[in-house]
Amino acid sequence: MVGLPIAVLLHEVGHAIGSALLSKEKVRVYLGPLDDSNKENFRFGKISFHIRWAYYGFCALVKPKEKRSKIQRFLFLAGGPAASLSLALLSFAALNQLTNWDLQNFTKGFMYINLWLFAGTSIPVIYPKWMGPYAGHSSDGYQLIQLMKKEKTLETKAD
């Protein structure tokens with residue numbers, strides 16, 4: 001299956017773009033393991049790509065401890081799900097234009113994969129052990145809610 005790794009990679013690129021647009025931070029996009037075994041394949045501006053064939057991926061900031069604004073953190077977290085939803089909608093729009101049956105099937109599958117990625121990363125959860133490389137990580141939606149709660153707590157304490 002080719003569609004899932006491509007969709008995961010583009011989801012992670014969504015995170016990277018969300019961060020790279022409004023900051024000077026360097027970002028790493030991983031398809032495959034998030035470790036030293038996954039070497040850099042190429043770089044595009046502030047984004048370095050570490051790609052090994054896999055059905056999972058990550059996006060990491062090179063210096064995550066640096067102070068980032070709320071909007072920068074929001075765009076980083078929301079960029080992945082936004083990319084997946086956008087790809088699903090583009091795939092849906094393209095379906096009516098395609099006449100080749102094989103291309104229609106691939107596009108329909110790609111649409112469903114991206115809808116699944118959007119939903120699976122937007123729902124606020126901490127991924128269970130059976131989720132393999134994602135086990136113990138929190139979803140994008142969970143992190144976005146934590147970001148909003150943290151800001152509300154800070155605003156309440158300041159009042």
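With which side chain does the side chain of His50 make a polar contact? The partner is the side chain of Ser48, at 3.3 Å. This briefing describes a predicted model of a chain of 159 residues. The chain holds 4 helices and 4 strands, and from the N terminus on its elements follow the order α-β-β-β-β-α-α-α.

**Overall form**

- The chain has a radius of gyration of 17 Å, which agrees with the value near 15 Å that a compact globule of 159 residues would have.
- Taken along the principal axes, the box filled by the C-alpha atoms is roughly 60 × 35 × 35 Å.
- Of the residues of the chain, 40% count as buried.
- The accessible surface amounts to about 9,900 Å², and carbon and sulfur atoms account for 65% of that surface.
- When contacts between residues at least 6 apart in sequence are considered, 55% of them join residues at least 24 apart.

**Helix H1**

- Helix H1 covers residues 3-20, and its 18 residues reach 25 Å from the first C-alpha to the last, close to the 26 Å expected at 1.5 Å a residue.
- This helix is mostly covered, with 15 of its 18 residues buried.

**Strand S3 and His50**

- His50 belongs to strand S3, which comprises residues 47-51.
- His50 counts as buried because its relative accessible area is 7%, below the 20% cut-off.
- Besides its contact with Ser48, the side chain of His50 has a polar atom 3.2 Å from the backbone nitrogen of Glu40.
- Apart from neighbours within four places in sequence, His50 is in contact with Arg28, Val29, Tyr30, Leu31, Asn38, Lys39, Glu40 and Asn41.
- Ala119 lies 69 residues from His50 along the chain, and the C-alpha atoms of these two residues are separated by 25 Å.

**Helix H3**

- Helix H3 runs over residues 101-122; at 1.5 Å a residue its 22 residues should span 32 Å, and the 31 Å between its end C-alpha atoms agrees with this.
- The buried residues of H3 are Thr107, Phe110, Met111, Ile113, Asn114, Leu117 and Thr121.
- Seen down the axis of H3, these buried residues fall within an arc of 170°, and therefore they line one face of the helix.
- Trp101, Tyr112 and Trp116 are exposed residues on the face of H3 turned away from its buried side.
- At the start of H3, the backbone nitrogen of Asp102 has a side-chain oxygen of Asn100 within 2.8 Å.

**The loop between H3 and H4**

- Ser139 is found in the loop between H3 and helix H4, the latter formed by residues 140-158.
- Ser139 has a relative accessibility of 1% and so counts as buried.
- Leaving out residues up to four places away in sequence, Ser139 touches Gly120, Thr121, Ile123, Pro124, Val125 and Tyr127; one of these, Thr121, is among the buried residues of H3.
- His137 is also placed in the loop between H3 and H4.
- His137 counts as partly exposed because its relative accessibility is 36%, a value between the cut-offs of 20% and 50%.
- With residues up to four places away in sequence set aside, His137 touches Phe58, Val125, Ile126 and Tyr127.
- The C-alpha atoms of His137 and Val125 are 8.7 Å apart in space, and the two residues are 12 apart in sequence.

Note on methods:
Residues numbered from 1 in each chain as written. Predicted model: local features only at pLDDT ≥ 70, side-chain atom pairs only at ≥ 80, totals over all residues. Heavy atoms only, no water. Helix = DSSP H or I, 4+ residues; strand = E, 2+ residues; numbered from the N terminus. Expected span 1.5 Å × (residues − 1). Buried < 20%, exposed > 50% of the residue type's maximum accessible area, 1.4 Å probe, protein only. Arc of directions from axis to C-beta. Polar contact = N/O pair within 3.5 Å; in protein donor to acceptor, adjacent residues only side chain to side chain. Rg over C-alpha atoms; globule rule 2.2 N^0.38 Å. Contact = heavy atoms within 4.5 Å. Areas by Shrake-Rupley, 256 points an atom, 1.4 Å probe, with all protein chains shown as cover.
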